[in-house]
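This report examines a protein model with attention to its pocket, its charged contacts and its surface. The sequence and structure are shown first.

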Amino acid sequence: MLILECPYCGVTGEETEFHGGGEAHIKRFGPGSSDADFETYLFMRENPKGVHFERWRHVNGCGKWFHAARCTMTLEVFGTYSAQTFEPPKEIKDAISAKRPGWSWREFS
Amino acid sequence: MSELRSALAGAVFDGIAKVQEAGLCGMIAFRGDLSATKVKNAVTGVTGVDMPGQRGCNVGGDNGLAWMSPDELLIMVEHDKAELVLETLAKGLKNQHYMAENVSDARAVFTVTGKHAAEVIAKLAPVDMSTFSVGEIRRTRLAQVPAAFWMHGENAYTVVCFRSAADYMFGILSMAAQEGSEVGVFG
Ligand SMILES: [Zn+2]
């Protein structure tokens, strides 16, 4: 069971109040992009054992989308943060580094 | 004119707490910039209660304001005043971007009262009721349906859900309040 804190309404709730929205920080490649970029955008996903970044929605609550950084192995949540960002903020990266030194995920570390 | 009727016409269940359908309540879903002075003045003007902060819920009589999200409020008024309030809001919010919709008849409202009221809610919602207090609103789920609740007094909770889920809500609240089912966790 995951315990997540919604950064918009400040509620700390358990998993059933939220809904997972898949991998975070995916850059969209739309019309005019190369086939390779479009394929990557549509299909290529991380499947890590460890640090992972996801989108979640506070569906039985304020309804907002947000980001979460967590460990897929231990279900530890390192932190949640705003959806209005292209990359994890420094405090989230620092929190992960404190627990999982040397971590990396896609272009982030 | 058609006869107005709330979802369950005031149905009551008495057990370890009293569950009652609250009848017709006026409710307006409001979206806009909650930090704008014009918005604050308009919504507090039509309700006569203070502007709520994050997860706040200020209620006075039939009127109230509940914080639903960073850009959404629930405006509570008397059922027959809702349309009038929409007009008043429109006047006060000229040239201000906002959305307001009368959702009074799309909602069902219940009260859960009595010594074990918090326990009844705690059995159904993934919420720590030991720290929940007056002036707070919690949007969550009760069993399998979305709902919101707040305290309108000592051991007294108001629960709001979609009208289509009213029968289900009354059923689960009554079941959680059945005689002899008290757990006694909240003293
Ligand atoms: Zn939320």
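## The largest pocket

How do the residues of the lining of the largest pocket divide into nonpolar, polar and charged? The model considered here is predicted. The lining comprises twelve nonpolar, four polar and five charged residues.

The largest pocket holds about 400 Å³ of space. It is lined by 21 residues, and those closest to its centre are Gly61(A), Met68(B), Arg107(B), Arg139(B) and Phe162(B). Several strands of chain B, including β3 (26-32) and β6 (72-77), each supply at least two residues of the lining.

## Salt bridges between chains

Over all chains, the structure holds 14 salt bridges. In one of them, Arg138(B) pairs with Glu17(A), with the closest N and O atoms 2.4 Å apart. This pair crosses between chains, from strand β9 of chain B to the loop between β2 (12-14) and β3 (19-23) of chain A. Both Arg138(B) and Glu17(A) are buried.

Lys64(A) and Asp71(B) also form a salt bridge, at 2.9 Å from N to O. Lys64(A) lies in a loop of chain A and Asp71(B) in a loop of chain B, so the pair joins two chains. Lys64(A) counts as buried because its relative accessibility is 18%, under the 20% limit. Asp71(B), with a relative accessible area of 25%, is partly exposed.

## A nonpolar surface patch

Phe38(A), Leu42(A), Phe43(A) and Met44(A) form a nonpolar patch on the surface, with about 410 Å² of accessible area together. Phe38(A) is found in helix α1 (residues 35-43) of chain A and, at 35% relative accessibility, counts as partly exposed.

Conventions: Residues numbered from 1 in each chain as written. Chains lettered and ligands numbered in written order. Predicted model: local features only at pLDDT ≥ 70, side-chain atom pairs only at ≥ 80, totals over all residues. Heavy atoms only, no water. Patch = residues over 30% accessible without salt bridge, like charges linked within 9 Å, V, L, I, M, F, W, Y side chains within 5 Å. Areas by Shrake-Rupley, 256 points an atom, 1.4 Å probe, with all protein chains shown as cover. Salt bridge = Lys/Arg side-chain N within 4 Å of Asp/Glu carboxyl O. Helix = DSSP H or I, 4+ residues; strand = E, 2+ residues; numbered from the N terminus. Buried < 20%, exposed > 50% of the residue type's maximum accessible area, 1.4 Å probe, protein only. 1 Å grid on protein atoms, 1.4 Å probe; cavity = no way out; pocket = protein on both sides within 12 Å on 5 of 7 lines; lining within 4 Å. Points joined across faces, edges and corners; volume = space filled by probe spheres on them. Nonpolar A, V, L, I, M, F, W, Y, C, P; charged D, E, K, R; others polar.
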